[in-house]
Amino acid sequence: MRISVQKPLKTIAFGAALAALGGMSSAQDTPAAPKVSIAAAYTDELIDQVTFIGRGEAIDKVNIVARVSGFVEEITVHDGDEVKKDDVLFRIEADTYVANLAARKADMAQSEANLKLSEVELERKEELYRRQAGTEADRDIALANNQVAQAQLQIAAAAIQLAELDVGYTTVHAPFDGRVGRTSVSVGELVGPSSEPLITLIRTAPIYVEFSLTEKQLISVMESFEADVGEVANNPKAPDVFVILPNGTELEESGNVTFVDNQVDPTTGTITLRAEFANTRGLIVDGSFLTVRIEDTEPREALMIPQAAVQRDQRGDFVLVVGSEQTVEQRYVTLGRQVEIAVVVEDGLREGESVIVEGLQRVRPGVAVDAILAGSGEEQ
């Protein structure tokens with residue numbers, strides 16, 4: 001009696017369990033669509049720009065050399081000093097040149113005396129000749145002696161000028177404002193025109209930045225403001241030039257193109273341009289390598305999407321687009337330059353199409369998704 005009652009209870013419990021398992025299996029066969037965040041492709045005004053490798057080039061740079069021979073008596077500048085035009089940099093022992101100048105002045109006095117004597121002699125010979133008490137030959141000799149004395153006076157005057165120059169050259173001045181390098185001589189060292197430079201002086205501000213454009217890029221620049229090559233330099237319509245310093249920061253001030261070469265380099269297919277910068281803080285150094293950026297004069301409309309939406313495989317760059325049916329489509333795109341956290345799309349998308357920016361790892365082409373708007377392109 002007890003056995004016949006237990007058998008129906010076990011059968012009912014087993015059937016209920018099978019029914020519950022069947023319901024769970026049915027629910028697992030239809031999983032929920034994965035959630036993703038999307039952003040719409042949007043159009044914005046963008047100023048096109050191109051970058052090049054440039055190099056700082058001083059407008060004025062000179063090796064200061066001694067123009068007279070002598071011992072260095074004084075060095076009045078320290079390595080790396082900023083100097084002004086006509087500041088004294090070096091003094092060379094001048095005693096020999098001062099004495100030579102005094103001797104030349106004495107020669108001048110002697111030449112002046114000789115000239116006066118020859119004038120007196122010429123006047124006397126001419127008077128005797130008029131009275132027929134002297135010969136024509138004597139008068140001609142006196143005239144020639146007077147002309148020789150005049151020439152000797154001119155020679156003495158020129159010798160004084162040369163001696164004065166030599167005395168002046170014993171004091172070495174800065175020919176322009178700038179910054180000096182390292183001094184290559186010491187006090188007491190014998191220097192001269194054939195010895196190595198005393199120091200190098202470079203004008204730090206303003207300064208040039210030299211870079212090169214391809215023929216295609218140059219033509220685009222000229223067409224943008226309707227000018228020929230000769231009108232690019234110093235043209236107010238020319239595009240501004242910016243530089244990115246070696247540490248990655250962009251210089252606040254912009255430069256303007258002041259020179260365009262008159263021929264294309266056949267080995268590189270480029271033409272050299274030069275831009276001038278005020279360089280008020282001295283951050284552009286002569287010989288330094290920089291990144292040069294040129295912006296177009298007029299903005300254009302560009303289609304943009306967040307950089308986070310872009311993926312890449314062997315075929316190239318692509319994005320995952322969510323269509324009207326909430327399904328994912330893989331779309332290959334042609335990209336332009338990056339602008340902060342967005343990137344320009346040159347081809348492959350239309351304005352307003354939605355691309356996945358978050359949850360990319362949870363989806364694949366063809367699946368349905370639960371798309372949530374992450375924010376408009378402008379907010380990105």
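Mentor: Terms come before that. Strands are DSSP runs of E with at least two residues, numbered from the N terminus, and two strands pair if DSSP finds at least two bridges between them. This is a predicted model, in which local features need pLDDT of at least 70, side-chain atom pairs count only at pLDDT 80 or more, and totals for chains, interfaces and linings use all residues. Residues are numbered from 1 along each chain as its sequence is written, and side-chain values use heavy atoms, with hydrogens and water left out.

Trainee: OK. What is the order of the open sheet of 4 strands?

Mentor: The order is 8-7-5-10, and the pairing is antiparallel. Strand 8 (171-173) and strand 10 (190-191) are the edge strands, each pairing on one side only.

Trainee: How many bridges between strand 5 and strand 7?

Mentor: There are 3 bridges, joining residues 70-75 and residues 88-92 in the antiparallel sense. Phe-90 in strand 7 has Ile-75 opposite.

Trainee: Switching to backbone geometry. Which residues does the cis peptide bond join?

Mentor: Ala-205 and Pro-206, with omega about -5 degrees. Pro-206 sits in the loop between strand 11 (199-202) and strand 12 (207-214).

Trainee: And Asp-86, what's its phi?

Mentor: Near 75 degrees, which is positive in a residue other than glycine. Asp-86 is in the loop between strand 6 (82-83) and strand 7.

Trainee: Is Asp-86 buried or exposed?

Mentor: Asp-86 counts as exposed because its relative accessibility is 52%. The cut-offs on relative accessible area are under 20% for buried, over 50% for exposed and in between for partly exposed (1.4 Å probe, protein chains only).
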